[in-house]
Every structure is written in structure tokens, then in C-alpha cells.
Amino acid sequence: MTTGLWILGNQLAIAGGHLRDRPKDTPLALIESRNFSTARPYHRQKLVLVWSAMRHFAEDLRAAGYTDVTYAIADDFATPLRDWIADRGLDTVAVMEPTDFPFRRAIEAMPLPSTNSPDGVAIDWLDNDLFFQSEAKFVKWAKGRKRLRMEDFYRQSRKDFDILMTEDGEPAGDRWNFDKENRKPPKKGLNPPPSLLFEPDEITCEVMAKVEEIGGELYGQMEPFGWAVTRSQALEVLDNFLEKRLAGFGTYQDAMVTGETTMWHALLSPYLNLGLLSPHEVVEAIETEYEKSVGSDNEMSLASVEGVIRQILGWREYMRGLYVFFGEDYAESNALDHHQPLPEFFWDASKTKMNCLKQSLKQVEETGYGHHIQRLMVLANFATIAGIEPQAIEQWFHAAFIDAYDWVMQTNVLGMGIFADGGKLATKPYVASANYIHKMSDYCKGCAYDRKDRLGEKACPFNYLYWNFLDRHHDTLKSQGRMNLILAQLRKIPEGDRQQIRDRAQEFLAALSYGKESQN
């Protein structure tokens, strides 16, 4: 029996279980598919990152002593895979379980003939060990629960892996969660550290030229490209975060400032989601850095440390677990019956006059990146209150963001972002008017709209769209206990004003459907 290992493009873990203890002469294959790049209008930098990382990983495998590494560049996956199987006389192809349902189904549907068997090549599905929790363990945790709260899962994970725990089994600092300390709005004079960027090498430049050939089917700017494309560079990003960003991460992690793309955020998610970094080593490094600082003049804030660990050990694992638990039908969620087309300005930021959207979308165009509050409270917030069709906005997030995959975006966008699942994941819709955006950013300054105005000629669309959303879905939302206070405020608005809100919202959304932001 001859077995080869097919390494998928987001499984670039040199110490992963798919490679562990495998003989150095095992046939290994990586496949770069052009058809994959046209499945969505992907961000150019996303394609450059994935393909360059794959090509560099193939070189790292050879340098590590693997003697049979095939790197194929083709229109599809199946053709080079069949050629490789035939050339190596393979009986079995081992594949680490894909994180995304569609790719698993695509592999299952691939006809892979074998010269050694009339039944074709056998697929040996390997456990995906690029997360803390296995799929089976999460499903076991989730089954039968009356509530699927991330906080419950996170606390259990802290105990399971003994992270930020005392010898007595209590949480460090006598608290599980320091989220309240990590929500400060921006202040004048903030000076976040610069991002660590890398000059494209020869391999990356070759990939950039290939992506350029694809042309207008894609989205976003390709240059300047500064993402890490190797494990050694990803480790440099981790070290940079530990040394220059971790201490300041928590305080302003929700703040948004014009021209400050990354603030103190870690910028580790693209590398975690590609396999270049493991969540275990990242969390261990953060906890070690904190423990080294305890008692020193530069002792780190536990709020910052706990905050970033919660995002990796808690939120990231929880999103992937729910993706598996909810199953493939979750992708079609539309509990609020939203069908508004995706506005053109999501693909071209210059086409909106709303400065918060323009700044957030321009940043995504330029870098493929936006931090969690830009994603949740600007982009997803607008999509929710504007009633944008869930699958359209989820597919945009998937195509546009550097760290996006099905397993990441479906639960994050459909569940947390736009409440399309009707509350399976979140306990309320995360919607807000212009007041929240003004509090947490400087985006309202100089905007064409007036953040204080709800109904006037220059009223910010976030205001009347927000109240219209609450009005439209009042009967549905009243069952969500956390919404009762704001719904009581809605009911205090005179009916005449509520009708004006409905009219303004309808006018705005009708104009959006014709590619215009406003009739004014």
C-alpha cells in the first residue's frame, strides 16, 4: 500500500499531525488552483498571501528533508491530483480534514482513479489538529445545552488546558473575563506601534504577477503587500506583538481611528488560519510573557492578556465549533427575511458619503484587514439595519478579508454580525445608531451627514435605519430579553416620527438598490 499526503492551502503546519512521524520519502502534494481564485471576487492580497505561503511551505518541506514534494499549478485541483496519484502509483491519499464543508464535499465528489484498484484511490481523512478542541469534543459539549454561550465554553476551555488558572483551580485575578476594561473609546494623542511589514521576495513577486494576470475579476489593491508568507516571518509577527503590542492591546481594542489601520491588534489571525502558527504556541507565548512581567516595573495588564487569549482560546474555537455543530444548512440562514442587495460601495468605498463606512471599506480595499469592531459595529451593523441579504454580505466578508474562510465567516457574520440565525448564536442583534460610532471612533468628524440628526435633511442614515430596523422587527425582537429596554424607547417615539423614520429608510434603501446612496 502506497500512501501520499495532499496538504491543503490552509494546513501549512510543519509540526501538524498530518506530517508528524511521517517518513521523509512520503509523496507530498500541494496544489494551486486558478479556478479557486475565481469562485469569488477575492481580495488580491488574500490570493497573494495564500499562494505565496503555499509555495514557501513547499520549499520549507524540502529544506526539512522531505524528498518527494510536488507543487502543482493548474486550473483545477482534480487534474494534477490524478496525475500525481498515477505517477506515484498511490493506493491511498491522506488528507487532513478540511475546516470548510464545501471543500470536504468537493474532495468526496472528485473521481480519483487508481491503477491498483477498480474502486479508485482511498481517502484517509486525518484529524484536524490545528485547533485546541476537536470537532467531536465541541459537539459533545454543545449537545443538550439550553444555551450555547461562549463564556461557558471559554471557562471550560481555560480549565481543560490550564490557561490563566491558579494552583487552586481559580481564574487568574479572581475573574474569568476583563472585557469591561477593554472598551475605552479613543483619545487624542494615541500612538499605536507600527505594523511589522515584510518586503515581497522573489517567490511573492512571482505570485503577485500571476494574480495581476487574473485582473478585473478580483477585488482590492495588491500593493503595498507586507504580509508574512513563511512560518519564520509569522513567528516574527508573534514576537512583535508580544514585545510592542500586547501591553496596550486591551484598553483600546474597540477603538477606531482614521489612518490607524491596526491599532494594538495582534494581526495573527491570517497565520493561525493558514496553519503557519498554532493556537497552542500563541496562547502559551502570551501567557509566558505575562508571567515574566508579573512583579516587575513593567507588569502587563491582565485585562489585555486575558482579552487576547479569550479571542483565540474562546472566540476562535467557539466559532469553528458552532460551524460544525450547526451544520451545512446554517449557510442559508435568513431569520429576519432580509433581501436588500449588497450596495456597490462595498466593492468601491468612494461610492459612499458615510465616512465610517468609507474609512472602514477603504482600509479593507487597501489591506484586506479590519479589526473586529470595524467588522461588527460598522460593516455588519450597517448590513443588519439596512436589511442586506445575509448570503450576499457573508460572501463579501469571505472574499474581502485576508483571514476569511467558510468556518470563520458563516458563524461570525450570519450569527454574531447580522443575527440571520435568529439568535442561535448571539443573545441580541449587535446594532447601533451613529452615537456608538461617534463614541468609539473619530469617523463622524467631517462626515457629510449629521450624527445628531435623526430625521432632518442631513440625518445620518445609521440613525433612521437603526430605528426602522427596531420598528420593523419589534415583535421578533421583544422575545430577546436584552432588547426590551431599547424597544421601550422605540415605543415612546410619536407615531408621526416613526412614520417619517420608515419613509426615510425606505427612500434610502430604494436609492441603494439603484446604485445611489441617497435621493438628496
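Predicted model: local features only at pLDDT ≥ 70, side-chain atom pairs only at ≥ 80, totals over all residues.
Leaving aside its neighbours within four places in sequence, which residues is glycine 250 in contact with? The legends below begin with that residue.

View 1. Residues are numbered from 1 along each chain as its sequence is written, and side-chain values use heavy atoms, with hydrogens and water left out. Apart from neighbours within four places in sequence, glycine 250 is in contact with Asn182 and Ser304, contact meaning heavy atoms within 4.5 Å. Glycine 250 is found in the loop between α8 (231–249) and α9 (269–274), where helices (H or I, at least four residues) and strands (E, at least two) are DSSP runs numbered from the N terminus. The residue is buried, with a relative accessible area of 0%; buried means under 20% relative accessible area, exposed over 50%, and partly exposed in between, with a 1.4 Å probe and protein chains only.

**View 2. The bend in helix α8.** Helix α8 bends by about 50° at leucine 242, the bend being the angle between axes fitted to the seven residues ending there and the seven starting there. The end C-alpha atoms of this 19-residue helix are only 23 Å apart, short of the 27 Å that a straight helix would reach at 1.5 Å a residue, the expected span being 1.5 Å times one less than the number of residues. Leucine 242 is itself among the buried residues of α8, which also include Val237, Phe241 and Phe249, and what covers the buried residues of this helix includes α9, α10 (279–293) and α11 (302–326).

**View 3. The parallel sheet.** Five strands form an open sheet in the order β3-β2-β1-β4-β5, with parallel pairing; two strands pair if DSSP finds at least two bridges between them. Strands β3 (69–74) and β5 (122–126) stand at the edges with a single partner strand each, so one side of each is left without a neighbour in the sheet. Within the sheet, β1 (residues 3–6) and β4 (residues 92–96) pair in the parallel sense over four bridges, and threonine 3 has threonine 92 in β4 as its bridge partner.

View 4. A search of the whole structure finds zero disulfides, a disulfide being a pair of cysteine sulfur atoms within 2.5 Å.
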